[in-house]
Amino acid sequence: MTREIVLLSGPNLDLLGTRNPEIYGTTTLDEHVARFSQLAAEAGFSVRHVQSNFEGDLIEAVQSARESAVAVVINAGALTHSSWALADALDTFNGIKVEVHLSNPAAREPFRHLSTLAGVVHGSIAGFGATSYELALDAVRRLAGTAS
Ligand code: DQA
C-alpha cells in the first residue's frame, strides 16, 4: 500500500512565482508540489496537497490526515507565526510532522521569529528555497525508515 504524505500550503503560497520573488524565488506552488510529488512517488509515497488561505481549511486537512497519512509536511505561511489552533490540530496527529519554509523566518522581521508549530513537529527546515521541500521529503523518508 502506498503511504500518503499530506502536504499543506498556507495563505498566499498560491501566489508563489510572482510573490516577492527576491525572497521566495520564481518557482510556482504547482512546480514545488510537482517536484515534491515526483520525488515522493520514487520513494513510495503518494502526496495529497491542500493549499488554502483559510486557517480552518488547514485545520480540517490536518484532522483528515489523522485517518490516512503517515506524514504531514506543512508550510503554513504567516499562520506559522500566529495560529495556535493549527498547532493544536498538528499536536493531535501522531505521524511524522515536518515544518518547511522557503525563506529563513529567523533571519527576517521579528514577528516571523515565533513559530507556533515548532514545538509540535519533529523538526523544521527553512531557508533553502525550493530545496527546503526536498529536504523535508528526505526528513520524512528517514523518519519513516525508507531512506536508502
Ligand atoms: C514562509 C515564511 C513566512 O514567514 C511567510 O509568511 C510565508 C512564507 C516561507 O515559506 O518562507 O508566507 O512560510
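Okay, quick definition before we start: when I say polar contact, I mean a pair of N or O atoms within 3.5 Å. Keep that cut-off in mind, and remember that what you're looking at is a predicted model.

So, the ligand. Take H101: one of its polar side-chain atoms sits 2.8 Å from a ligand oxygen, so with the 3.5 Å limit that pair goes down as a polar contact. Two other side chains do something along those lines. N75 has a side-chain N or O atom 2.7 Å from an oxygen of the ligand, and for H81 the distance from a side-chain N or O atom to a ligand oxygen is also 2.7 Å.

Now the nonpolar side of things. The largest core has 25 residues, and the ones touching the most other members are I5, F36, F45, V73, V98 and V140. Helix 5 gives the largest share, six residues.

Have a look at V98 while you're there. Leaving out residues up to four places away in sequence, V98 touches V72, V73, I74, G123, I125, A136, A139 and V140. And there's another core, apart from the largest one, with 21 residues, including V6, I74, A89 and L117.

Notes: Residues numbered from 1 in each chain as written. Predicted model: local features only at pLDDT ≥ 70, side-chain atom pairs only at ≥ 80, totals over all residues. Heavy atoms only, no water. Core = buried A, V, L, I, M, F, W, Y, C linked by side-chain atoms within 4.5 Å. Buried < 20%, exposed > 50% of the residue type's maximum accessible area, 1.4 Å probe, protein only. Helix = DSSP H or I, 4+ residues; strand = E, 2+ residues; numbered from the N terminus. Contact = heavy atoms within 4.5 Å. Polar contact = N/O pair within 3.5 Å; in protein donor to acceptor, adjacent residues only side chain to side chain.
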